Amino acid sequence: MWVFMLLACATLNLNAQTTNIRYQQYIEQYRDIAIEQMLKWKIPASITLAQGLLESAAGQSSLAVKGNNHFGIKCHGWTGRTIYRDDDLKNECFRAYKSAYESYEDHSRFLATGQRYKSLFSLKITDYEGWAKGLKAAGYATNPSYAQSLITIIRNYNLSQYDRAKDYDKFMVGRSHDTNANGQPLHPIYIFNKNYYLYARQGDTFRSIADEVGISYRKLARYNERNKRDTLEPGEVVWLKKKQKKAPKEYKRQPHTVVPGESMYTIAQKYGIRLESLYKLNRLTPDYAIRVGDQLRLR
């Protein structure tokens, strides 16, 4: 019985951690679009992000993956591409978009031009609770706990901080407009340690990624301290600017504990640190063979 309970708790903790990571990655990827939309349409960025997270399961729902629909908006009055999914009724029609950006833009327009949501725009931009309750009252969703779900997400992930933003990262916004040369979705880009990064996919090369992000493939390989002809493994971190000499400040008292399969290089990539700097921070020479359990300073 105790073993079962321990396993159940471990599973719950793992699921919570997975959700947290997915939510954080979604926020990093789309917060700048939400801010841009707020400055343009006067809809709180926190509300836009919370709705996107909830409606799209942090970008993992079939509507988001196959139709770039992050807000569950149905086809009413829509003349563009469509996708069909079961919802309140079977095989309902939903809007489909070329990109996530189009979904965000259409969501803003849907609220701003919809008569039923008109009263929401008299609320303060920082009144996310009023917006959440107003969306539910206006019939955006049938779930009776919809407003509270939005409020909980906003509080748990401190999304209200973006309601006070005056500017946004134009590079991150621009990335969400297009697909790549093969018509495939662009790699999601994340931000960490004052840098941009993405995860390599099957078949990626420094040249193919460079073509997508508009950076010389020689520079891209150099930023990642690799040969430009190196093969990239799926899931590998690829940094898009020169890496920092140290990890962020929060790692000052948090050393990295080496686990099986890691190397100094993979650790440097994980934290966005230059390999040479990681050796210097730990007073090690390049010929040192790290061991499982070693504690490495990150700044």
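Modeller: A charge sits over a ring if NZ of Lys or CZ of Arg is within 6 Å of the ring centre and within 35 degrees of the ring normal. This is a predicted model, in which local features need pLDDT of at least 70 and side-chain atom pairs count only at pLDDT 80 or more, while totals for chains, interfaces and linings use all residues. Residues are numbered from 1 along each chain as its sequence is written, and side-chain values use heavy atoms, with hydrogens and water left out.

Colleague: At what distance from the ring centre does Arg207 lie over the face of Tyr217?

Modeller: Arg207 is placed over the face of the Tyr217 ring. Lys170 has such a place over Tyr168, at 4.9 Å from the ring centre. For Arg207 and Tyr217 the distance is 4.0 Å.

Colleague: Are the rings of Tyr190 and Tyr197 stacked, tilted or edge-to-face?

Modeller: Rings of Phe, Tyr and Trp (its six-membered ring) pair if their centres lie within 6.5 Å; planes under 30 degrees apart are stacked, over 60 edge-to-face, and the rest tilted. The structure holds 17 aromatic pairs. In one of them, the centres of Tyr190 and Tyr197 are 5.5 Å apart and the planes stand at 40°, so the pair is tilted.

Colleague: What is the angle between the planes of Tyr190 and Tyr199?

Modeller: Tyr190 also pairs with Tyr199, and this pair is tilted. Centre to centre, the two rings are 5.8 Å apart. The angle between their planes is 55°.

Colleague: Is Tyr199 buried, partly exposed or exposed?

Modeller: Buried means under 20% relative accessible area, exposed over 50%, and partly exposed in between (1.4 Å probe, protein chains only). Tyr190 is buried at 8%, and Tyr197 is buried at 10%. Tyr199 has 31% relative accessibility, so Tyr199 is partly exposed.

Colleague: Which side chain does Lys74 join through a polar contact of 3.1 Å?

Modeller: Lys74 is buried, with a relative accessible area of 18%. A polar contact is a pair of N or O atoms within 3.5 Å; within protein, one must be able to donate a hydrogen and the other to accept it, and residues adjacent in sequence count only if both atoms are side-chain atoms. The partner of Lys74 at 3.1 Å is the side chain of Asp87.

Colleague: How far apart are the C-alpha atoms of Thr82 and Asn20?

Modeller: Thr82 is partly exposed, at 31% relative accessibility. Thr82 and Asn20 are 62 residues apart along the chain. Their C-alpha atoms are separated by 31 Å.
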